[in-house]
Amino acid sequence: MQISQKLFLAFVGLTSIVLIATLSLARWSFDQGFLDYINSLEQERLASLSDDLLTLYAASAPEFIDDETSILTWRRISQAKLSQAILTHFPQHRIPKDDKPNAFNKPPRPADRMPARSPDQARQGPRSPPPHIRPPSSNQRRGPPTGLYSAEEQYIAGTVINRNADSISYPLVYNQQVVGYIFSNPIREIESSSATAFAKQQRWTSLAIGLICLLLASAIAWWLSRFLLVPVKRAMQGVSYLSKGDYDQRLADSKRADELGQLMANIDHLAMTLAKNRSAKNRWLADISHELRTPLSILCGEIDSIKAGIRSFDAAQLISIEQEVLRMKHLVDDLYELSLSDVGGLRYHFTAVNMSESLDSTLLGITATMQDKGLTLTKHITPMLMVSADVRRLEQLFINLLMNAMAYTDSPGEINVQLMQQEGTILLTINDTKPSATEAECECLFEPLYRQDSARTRRGSGAGLGLTICKNIVEAHNGTISATPSQMGGLCINVKLPLVRKSS
């Protein structure tokens, strides 16, 4: 299954869950609120009924009222009047089984507005009571049952109510004294046909709204799944370019500042790095071929001239051949050491080393060579600077740096060496006189086989690997090395190594 399909199903599923939960809670809230509204109407009905009952009670009540007198007073009132008072408050709740209108749906008609009886109607006998005061027939359902009880909660009239915690009650207060109660059962389910139809209509309306919202969410989810995957597809396309060796394609979008934009920027950086490494590899192979080809060509020429009898095989010829062989051996040794350093094959034995003493000893051994080349050595070495290092690799670092300075300093010239402590580190600085290098060239000096002169004219027997090996040695000692143009007119090499405090 594709990611777009998974995103679409995730969006739709989440929307469906939220929608179902929302509609269910809204439906539950509507049902509860609707029943509470009907029960509040019932409370109002009981309040209105209490006024009529208290009017009947006042007409029969004596001046002094106690509990026993209250019951007797209620019993003096005829059951017909009490029932009539209770029934007159039922029409708003009485609902016939059929939907045809009848007298129980209509408000009572005043007696003075009733039409007079004709002589024929008078001979037919007494007239039946009006519909609104007739006893309810068995085929009609009345509203909530209502019962009249005394102050001691003894049944007086109406319906016998099973009183419990949730039953609705209303006190009858006469002359600031409770003389009775009206009880009614709350409505727990909708029995009215109109109310049922209204609830059903609301249910179908909610379902229709939910279906429309689900369809809308599905359309938006489909669009979002497509829109959100656009940068992902671009990233996939970029990785496809890289796998095919095409490192020139770029994906970065300056308008995107999110994680996907950062991903595309990282892919572009990877493409540039791979392109740079491929170029460096090609240049590396070309440089190695050139470095090996030169002494091999000289050797082949010497051997051919000896075989042809042009030159005699004497000591001078043997020394010339030996020089070219040693040059190739030196190149192969540097390449081997550099490859071991790149793959982590060089072994380091770290001990506390007096760097000041080691550098001074190296300079002492190379001073004579500098003088033979017409170079002057000046030094300033702070004594007793301790560093955790491999002694042999540290001396190799010093020799490579000094040999590079000697090879690329014109005679007469000067080489200045300083060793000092600087903010918890040891700083080694080697300055020389002209020729110098530009800032751009200084950044490339530590690359393998890099030479400043494009014509590749050789100043010494080196192959351009000395500074690269120095960089690997310094990094293995948790230090840094850099090159900048020197104020003396030549090149300045800076090496920083962590200082080791001498224990007292």
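The model is a prediction, so local features need pLDDT of at least 70 and side-chain atom pairs count only at pLDDT 80 or more, while totals for chains, interfaces and linings use all residues. Residues are numbered from 1 along each chain as its sequence is written, and side-chain values use heavy atoms, with hydrogens and water left out.

Start with the nonpolar interior. In soluble globular proteins, nonpolar side chains tend to be buried together. Buried means under 20% relative accessible area, exposed over 50%, and partly exposed in between, with a 1.4 Å probe and protein chains only. A nonpolar core is a set of buried Ala, Val, Leu, Ile, Met, Phe, Trp, Tyr and Cys residues joined through side-chain atoms within 4.5 Å. The largest such core has 40 residues, and Met 355, Leu 394, Leu 401, Leu 428 and Val 495 touch the most other members. The largest share, seven residues, comes from α10.

Take Met 355 as a guide. Contact means heavy atoms within 4.5 Å. Neighbours within four places in sequence aside, Met 355 is in contact with Leu 385, Val 387, Leu 394, Phe 398, Leu 419, Ile 426, Leu 428 and Leu 497. Another core lies apart from the largest one; it has 19 residues, among them Leu 53, Leu 82, Ala 85 and Ile 156.

The term means a side-chain nitrogen of Lys or Arg within 4 Å of a carboxyl oxygen of Asp or Glu. The structure holds one. It joins Lys 379 to Asp 360, with the closest N and O atoms 2.7 Å apart. Lys 379 lies in strand β8 (residues 375–381) and Asp 360 in helix α9, so the pair ties together parts 19 residues apart in sequence. Lys 379 is partly exposed at 47% relative accessible area. Asp 360 is partly exposed too, at 34%.

Now turn to the aromatic rings. A pair of aromatic rings is described by the distance of the centres and the angle of the planes. Rings of Phe, Tyr and Trp (its six-membered ring) pair if their centres lie within 6.5 Å; planes under 30 degrees apart count as stacked, over 60 as edge-to-face and the rest as tilted. The count comes to four aromatic pairs. The ring centres of Tyr 149 and Tyr 155 are 5.8 Å apart and their planes stand at 75 degrees, so this pair is edge-to-face. Tyr 149 and Phe 183 are also edge-to-face, at 5.4 Å centre to centre and 90 degrees between the planes. Tyr 149 and Phe 183 are both buried, whereas Tyr 155 is partly exposed at 39% relative accessible area. One aromatic cluster takes in Tyr 149, Tyr 155, Tyr 181 and Phe 183.

Strand β3 also holds Gly 147. Gly 147 is buried, with a relative accessible area of 0%. Beyond neighbours within four places in sequence, Gly 147 is in contact with Ala 157, Gly 158, Thr 159, Ile 161, Tyr 181, Ile 182 and Phe 183.

The backbone has its exceptions. Most residues other than glycine have a negative phi, and most peptide bonds are trans. A cis bond joins Ser 411 and Pro 412, with omega about -5 degrees. Pro 412 lies in the loop between α10 and β10. The bond from Lys 434 to Pro 435 is cis as well, with omega near 10 degrees. Pro 435 is in the loop between β11 and α11 (439–444).

Positive phi occurs at Gln 176, near 60 degrees. Gln 176 lies in the loop between β5 (168–174) and β6 and is exposed at 82% relative accessible area. Asn 478 has a positive phi of about 60 degrees. Asn 478 is in the loop between α12 and β12 and is exposed, at 67%.

Key. Helices (H or I, at least four residues) and strands (E, at least two) are DSSP runs, numbered from the N terminus.
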